[in-house]
Amino acid sequence: MKLTFKMTGEEYYSGIKFKLKSDRLKKILLMILIICIFIVITIFLRLGLMMYVLTTVMIVMVCSLTAFEKKAAISQFYSSPVKSSEHTLCVYDEGIELINSYEKIFAPWQSVYAVRETEENIIILPSYARGIAVISKKRYFGPELSNIMNAIKLHVKVEEGK
């Protein structure tokens with residue numbers, strides 16, 4: 001089975017966000033730890049106003065972290081002729097293959113990193129290091145996509161998402 005598709009910048013970002021969700025959690029936990037250290041230091045040194053300033057700065061940094069990541073990922077996508085070109089997803093009995101204008105990535109079923117199905121997209125990560133396939137259900141609906149998803153669900157645990 002084979003499906004040729006294109007991704008948008010937003011779809012690519014949703015794939016990157018899914019891929020890096022554990023890394024983002026680590027960054028947020030680190031920021032929270034730093035905020036707690038600032039609070040303890042300001043209480044210890046009795047710098048009431050300084051505590052509020054530092055806490056506000058750290059909260060703004062945590063909130064802006066995702067905004068900068070999204071802008072950077074979408075900019076990277078549109079500046080890359082490889083990422084914004086057509087991709088082909090092939091499903092075989094042995095595994096899946098993701099083909100674009102630059103590379104071919106084959107992943108046997110036991111080594112597929114992750115698959116997630118949301119209301120809008122299907123995100124397939126053949127490996128952590130290489131390849132992201134984000135297929136829009138609105139643009140690529142039909143028997144090809146249904147057959148591919150049924151084959152994937154037979155071999156890989158599909159994560160449900162919103």
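Guide: Buried means under 20% relative accessible area, exposed over 50%, and partly exposed in between, with a 1.4 Å probe and protein chains only. This is a predicted model, in which local features need pLDDT of at least 70 and side-chain atom pairs count only at pLDDT 80 or more, while totals for chains, interfaces and linings use all residues. Residues are numbered from 1 along each chain as its sequence is written, and side-chain values use heavy atoms, with hydrogens and water left out.

Visitor: How many of the 5 residues of β3 are buried?
Guide: Strands are DSSP runs of E with at least two residues, and helices are runs of H or I with at least four, numbered from the N terminus. The strand β3 is largely enclosed by the rest of the structure, because its buried residues number 4 of the 5.

Visitor: Which residue in β3 stands opposite T88?
Guide: Two strands pair if DSSP finds at least two bridges between them. Here β2 and β3 run antiparallel, joined by 4 bridges, and they form a hairpin with 3 residues between them. Within β3, the residue opposite T88 is I99.

Visitor: Which residue in β4 stands opposite L98?
Guide: The strand β4 covers residues 104-108 and runs antiparallel to β3, with 5 bridges joining them. These two strands form a hairpin with 4 residues between them, and the residue in β4 opposite L98 is I105.
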